[in-house]
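Subject: The structure, and what turned up in it

Hi there,

Here is the structure I promised to pass on to you. Have a look at it first, and then read on below.

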Amino acid sequence: WGTANLFSNKRYMHGAATSPNAEVYAFAAAQVKKALEVTKELGGEGYTFWGGREGYQNLWNTDMKRELDHLGRFMHLALDYKKKIGFGGQFYFEPKPKEPTKHQYDFDVANCINFLRAYGLGDQIKMNIETNHATLAGHTVHHEIEYAASQGYLGSIDANAGDLLLGWDTDQFPTDVYMTTSIMYALLKWGGF
């Protein structure tokens, strides 16, 4: 599947879809548009919204409701474009806490599902759960998978691992047999994707 990097360029230091700067929002939308076209052209089966910086550092200078409204509108625009170009792939939302902002709007599965339901996106977008992001949110990946599956939102798993002593995403290959077994158990329990 495809995605767009809406976090590493300094223009996204205050978010992409949640940025207070209209030019940044438009640039992010153009990037997603192009990424969707490329994903379709390459035969991709899915597209992931991987926020990265969709959040805030300080509530004193943040209009949370407005930023969430912008993120909701952004995702609706992407869905409209998906239909326009005939892309049949699944859309995913990937929870990612704390990194690099103090609070991410896509903190964990429960946060993401609440957001999707509140903005009328619930029947069109599923979760892409990354193992180490679950850890960073203070959960196990098993918890995140169970929550997503129980709500009908389990879509994809990025089954990596991280280092519990580090406070950021390290994207290591999983080596813990208990963790990988719990992932497979949950997938079997819920009938897969």
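Predicted model: local features only at pLDDT ≥ 70, side-chain atom pairs only at ≥ 80, totals over all residues.

Two packed helices are described by the angle between their axes and the distance between the axes. Here the helices are H1, residues 22–41, and H2, residues 64–85; their axes come within 10 Å and cross at roughly 30°. The crossing of H1 and H2 is right-handed.

If you want to find the contact on screen, start on the H1 side with Tyr25, Ala28, Ala29, Val32, Lys33, Leu36, Glu37 and Lys40. They meet His70, Arg73, Phe74, Leu77, Ala78, Tyr81 and Ile85 in H2. Sorted by class, the contact of H1 with H2 holds 10 nonpolar residues, one polar and four charged.

Rolling a probe the size of a water molecule over the atoms shows where empty space is left. The largest pocket holds about 380 Å³ of space. It is lined by 20 residues, and the closest to its centre are His14, Thr18, Pro20, Asn61 and Glu67. H1, strand S3 (55–56) and H2 are the elements that each give two or more residues to this lining, and H2 supplies the largest share, with three residues. By class, the lining of the largest pocket is made of 11 polar, five nonpolar and four charged residues.

The second largest pocket has about 260 Å³ of space. Of its 15 lining residues, Thr135, Ala161, Gly162, Leu164 and Met179 are the closest to the centre. Helix H4, residues 131–136, gives the largest share of that lining, three residues. The classes in the lining of the second largest pocket are nine polar, five nonpolar and one charged.

**The aromatic rings**

The count of aromatic pairs comes to nine. One of them is Phe93 with Phe115, a tilted pair at 5.8 Å centre to centre, with 50° between the planes. This pair links distant parts of the chain: Phe93 belongs to strand S4 (residues 90–93) and Phe115 to helix H3 (residues 109–118), 22 residues apart.

Which residues would I click on to begin with?

Best wishes

Conventions: Residues numbered from 1 in each chain as written. Heavy atoms only, no water. Axes fitted to C-alpha atoms, helices over the stretch in contact; angles between N-to-C directions. Helix = DSSP H or I, 4+ residues; strand = E, 2+ residues; numbered from the N terminus. Left-handed = near helix turned anticlockwise from the far one by under 90°. Contact = heavy atoms within 4.5 Å. Nonpolar A, V, L, I, M, F, W, Y, C, P; charged D, E, K, R; others polar. 1 Å grid on protein atoms, 1.4 Å probe; cavity = no way out; pocket = protein on both sides within 12 Å on 5 of 7 lines; lining within 4 Å. Points joined across faces, edges and corners; volume = space filled by probe spheres on them. Phe/Tyr/Trp six-rings, centres within 6.5 Å; stacked < 30°, edge-to-face > 60°.
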